[in-house]
Amino acid sequence: MNKNTAKKGLTLAMATLMGMSVCAGCGNKDTQPEAPVESEVAASEEVVTEETNETVTEETATEEETTETTDDTQETQAEYVEDNVLTTDLMVVTIPDELKGKFYATINGEEISIFDKECVDDGYPGFVCSIIVDKDNEYVPGGMVTKVGELVTSDGNIYNVCRGYASEVQWDYNKYEDMPENYAQLDSAVDSIIENIKGTDSNTFVFQGGMKGEELYSYILSKYVDALNENWDANKFEEEGMSPEFSALAQTEGDKALEKIGYAYTDITNDGIDELLLGVISDTDEPSVVYDIYTVVDRMPELVVSGTARNGYYAMEYGGITNFYLGGAAENGFYSYVVEPNSTNLIFQYGVKYDANTDEKNPWFVTYSDENSWEAMTEEDYNSRIEMASEQYLKLDYTPLSDITPIDYSKVDLSKYDTFTKMLDDFKTGMGYANIPLGDTDVFLASTATYPLVDGQENAIDASLFIYDENGSIVYLGKIEAGGTAYPLAVADGCIYTCGHHSITKSTVKDGKLVKVEEAIEDFDSDGNASYTYQNEDKGLETVEDNSELTRMFDEYEKAEPIEFSVEKQ
């Protein structure tokens, strides 16, 4: 096959790919093309020229006009390249030298597509994968597109980097079971190619950035640990969007509850990004019951569902979740859902139930449309559905929460640490640390957990503070904590700020002690009436007329710099 023929084959392959990337469930947000209606098909037999408004049939169109149109179309199609180093404005993708001469590639903006050369030359699409920096936020990972990392630009922007997959056989379909040798070699090299992506100039590619549970859910897990240590009741758990089952377990297990409650990371949305699942650790081989499920929406963790012992969940082997419910001896069943990627929305799949209250003689039902539209089914079909679903329920390898219980430094013998760096040896997974100047000295901060802000830096809402004394020994100053992730610890002019919804405290270090510089608080009585208190170094806490001091301090906080923590990942 000559080069011109190969070029035409690649153009055809690109046209196929472009259609596929929109139509085949790749997650592209663009409007999908609609199939032509009959009137449009009929109209295609006639062409109205713009210049003369004359109607001509396809038979009367000249060969010259057809050739000109074809040439114009080819000029707008992406051209192939065979270079091993493929560069866009933001990334550099390197194909291993041993694959030289075995692939074609196209570069379209921030999307690089790789094709098997032999398949393309033989007239087949040959598409192996695409690698995309989603600069314009056009893709929602899931299905035929998965996230593989993040690209951080020199000016602080963060973009998802995604991999696109082929949705159908890309070689001779009559031999679909026989993947061509060169295609298989390219396909097996993709993971390594992606792992070695580089950013251009000062841009940075972070392989698997924003994907792993350890990075995404540390703060959420620390909240569960705090709740159990503080003996929250069931109502408090529910108010915070957490399963009341954990409160019940704490009542029966006491201090051992942290050993019985576990967490696991698994990708149930099939988008490359871990979800967080929490449940009770079991010694049996039975599938793991899940009570709380979290996912990531716009890079932040969000609760998807929260269950109970009689209304819980199973994670499914191929993605999605099953919600089982127990309504007594006369009624029970389950609903199957897919969790929409980058969302907490549940997409209903189907449901089955045993409901003797509705029909005692034929109590088996199924629904495919919604949770309240049921139709009868046979007992045999019912049992088949139950068996088919249960075979996909996952047995999760839960990690007990006791493994991440925060360190109470007020009870730690700090003399065993020569330096702050040595303290890191005892850090638990997910803990963060920072060094900042406060007042008249440098201070070491150790947080129980960190979480990412929009710009990608790791922040924290709590920290234990340490300094070196005059003898070089480590001294614990105390612990500070903000009211939630909306208020990351921040520093300005040698002071550290901790905030809540209705309070703010500014502290510093003086003469080897943690000192409160200012504090403003807003309180509400039972009738909803607000009152305000304020204190500084010169006077104690006193009532003030309005919220002006509170507002002033919040204005200062808004201008302060959030403290960036490094994360210890053991």
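**Figure 1. Val-85 stands opposite Thr-94 in β5.** The two residues belong to a pair of antiparallel strands, β4 (residues 85–87) and β5 (residues 91–94), joined by 3 bridges. Helices (H or I, at least four residues) and strands (E, at least two) are DSSP runs, numbered from the N terminus. Two strands pair if DSSP finds at least two bridges between them. A hairpin of 3 residues links β4 to β5. β5 also pairs with strand β11 (residues 198–199), in the antiparallel sense, over 2 bridges. There, Val-92 has Lys-198 as its bridge partner. This is a predicted model: local features need pLDDT of at least 70, side-chain atom pairs count only at pLDDT 80 or more, and totals for chains, interfaces and linings use all residues. Residues are numbered from 1 along each chain as its sequence is written, and side-chain values use heavy atoms, with hydrogens and water left out.

**Figure 2. Strand β7 (residues 111–116) is mostly covered.** Of its 6 residues, 6 are buried. Buried means under 20% relative accessible area, exposed over 50%, and partly exposed in between (1.4 Å probe, protein chains only). Glu-111, Ser-113 and Phe-115 point one way from β7. Ile-112, Ile-114 and Asp-116 point the other way. β7 pairs antiparallel with strand β6 (residues 103–108) over 6 bridges, and Tyr-104 stands opposite Phe-115. The β6–β7 hairpin has 2 residues between its strands. Gly-109 in that turn has a positive phi of about 65°. β7 also pairs with strand β8 (residues 127–133), again antiparallel, over 5 bridges. Here the bridge partner of Phe-115 is Phe-127.

**Figure 3. Helix α7 (residues 218–229) is largely enclosed by the rest of the structure, because 9 of its 12 residues are buried.** The buried residues include Tyr-219, Ile-220, Leu-221, Tyr-224, Val-225 and Leu-228. Ser-218, Ser-222 and Ala-227 are also among them. The end C-alpha atoms of α7 are 17 Å apart, which agrees with the 16 Å that its 12 residues should span at 1.5 Å a residue. The expected span is 1.5 Å times one less than the number of residues. Asn-231 follows α7 and has a positive phi, near 55°.

**Figure 4. An open sheet of 6 strands runs in the order β17-β18-β19-β20-β21-β22.** Its pairing is antiparallel. The edge strands, β17 (313–315) and β22 (375–376), each pair on one side only. Helix α11 (residues 379–390) packs on this sheet, touching β19 (331–339), β20 (346–355) and β21 (364–367). Contact means heavy atoms within 4.5 Å. The direction of α11 makes about 130° with that of β20. Axes are lines fitted to C-alpha atoms, for helices over the stretch in contact, and angles run from 0 to 180 degrees between N-to-C directions. Ala-315 stands opposite Ile-321 in β18.

**Figure 5. Asn-342 and Asp-511 each have a positive phi without being glycine.** Most residues other than glycine have a negative phi. Asn-342 lies in the loop between β19 and β20, with a phi of about 55°. Asn-342 counts as partly exposed, at 32% relative accessibility. Asp-511 is found in the loop between β32 (503–510) and β33 (513–524). Its phi is about 50°. Asp-511 is exposed, with a relative accessible area of 73%.

**Figure 6. An open sheet of 5 strands has the order β29-β28-β25-β24-β37.** The pairing is antiparallel. At the edges are β29 (474–481) and β37 (566–567), each pairing on one side only. Strand β24 (residues 432–438) pairs with β25 over 7 bridges, in the antiparallel sense. Pro-437 stands opposite Asp-442 in β25.

**Figure 7. The second largest cavity holds about 30 Å³ of space.** Its lining comprises Ile-407, Tyr-409, Met-431, Ala-446, Ser-447, Thr-448, Asp-462, Ser-464 and Lys-479. β25 (441–447) and β28 (462–468) are the elements that give two or more residues to this lining. The whole structure has 2 cavities of 30 Å³ or more. On a 1 Å grid over the protein atoms alone, a cavity is a set of points where a 1.4 Å probe fits but cannot get out; lining residues have an atom within 4 Å of a point. Grid points are joined across faces, edges and corners, and a volume is the space filled by probe spheres set on the points.

Key:
1 Å grid on protein atoms, 1.4 Å probe; cavity = no way out; pocket = protein on both sides within 12 Å on 5 of 7 lines; lining within 4 Å.
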